[in-house]
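Q: I am new to this structure. Please pick one part and look at it closely, taking me through it step by step.

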Amino acid sequence: MIGRLNHVGVAVPSIEAAKQTYRDLYGVPEDAITETRELAAQGVKFAFVNVANSQIELIEPLGEHSPIVKFLERNPSGGQHHVCFEVPDIYAARDEMIRRGATVLNEPRIGAHGTPIIFIHPKNSHGVLIELMETPKGAHT
Ligand code: CO
């Protein structure tokens with residue numbers, strides 16, 4: 001069974017503009033918003049907006065072959081892109097998801113939190129792209 005909701009992924013054309021919205025419109029303090037980093041292997045820049053019980057992951061394309069370029073063509077001002085749940089063991093989760101008939105979109109790879117992740121096709125979850133991420137060691141203890 002899936003664990004804690006880790007974050008909601010939101011694709012945006014500009015992370016800096018989106019950070020400003022969370023600061024100015026929603027009152028998120030500056031120190032609750034992380035620096036923007038690059039995940040070159042996945043073709044995205046990202047930053048996290050920390051709220052009381054979860055995080056918003058802002059993702060912006062990095063390079064023209066970024067996997068979120070097409071999403072932003074369909075949603076030019078940005079949009080909700082994926083939902084991420086934690087699992088204790090990503091390889092066990094992958095094997096179990098395949099056994100249950102889900103379409104796993106990638107081999108486990110390191111995600112924005114530094115632990116391995118997989119994505120489950122939206123067709124398996126009523127149109128929602130689901131990310132499963134291995135819980136960081138020592139988290140939530
Ligand atoms: Co994510």
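**The strands and the metal site**

A: Start at a turn. Strands S2 and S3 form a hairpin with 4 residues between them. In that turn, Gly43 has a positive phi of about 65°. Strands here are DSSP runs of E with at least two residues, numbered from the N terminus; helices are runs of H or I with at least four.

A word on the source. This is a predicted model, with pLDDT of at least 70 needed for local features and 80 or more for side-chain atom pairs, while totals for chains, interfaces and linings use all residues. Residues are numbered from 1 along each chain as its sequence is written, and side-chain values use heavy atoms, leaving out hydrogens and water.

S2 covers residues 37-39 and is joined to S3 by 3 bridges, running antiparallel. Two strands count as paired if DSSP finds at least two bridges between them. Arg37 has Phe46 in S3 as its bridge partner.

Buried means under 20% relative accessible area; exposed means over 50%, and partly exposed lies in between (1.4 Å probe, protein chains only).

S3 has a second hairpin, with S4, again with 4 residues between the strands. Asn50 stands opposite Gln55 in S4.

Now the metal. A cobalt ion is coordinated by NE2 of His7, OE of Glu57, NE2 of His82 and OE of Glu131, at 2.0 to 2.1 Å. Donors are N, O and S atoms within 2.8 Å of the metal (3.2 Å for Na, K and Ca); water is not among the atoms, so sites may look incomplete. Why is the arrangement irregular? The 4 donor atoms subtend angles of 85 to 170°. Four donors are tetrahedral if all angles lie between 85 and 135 degrees; four are square planar and six octahedral if opposite donors are over 155 degrees apart and all others between 65 and 115; anything else is irregular.

Along the sequence, the donor spacing reads H-x49-E-x24-H-x48-E. Distant parts of the chain are linked: His7 is in S1 (residues 5-11) and His82 in S5 (residues 79-87), 75 residues apart. Both histidines, His7 and His82, are buried.

S5 is mostly covered, with 8 of its 9 residues buried. Its pairing with S1 is antiparallel, over 6 bridges. Val8 stands opposite Val83 in S5. With S8 (residues 130-134), S5 pairs in the parallel sense over 5 bridges. There, Phe85 has Leu132 as its bridge partner.
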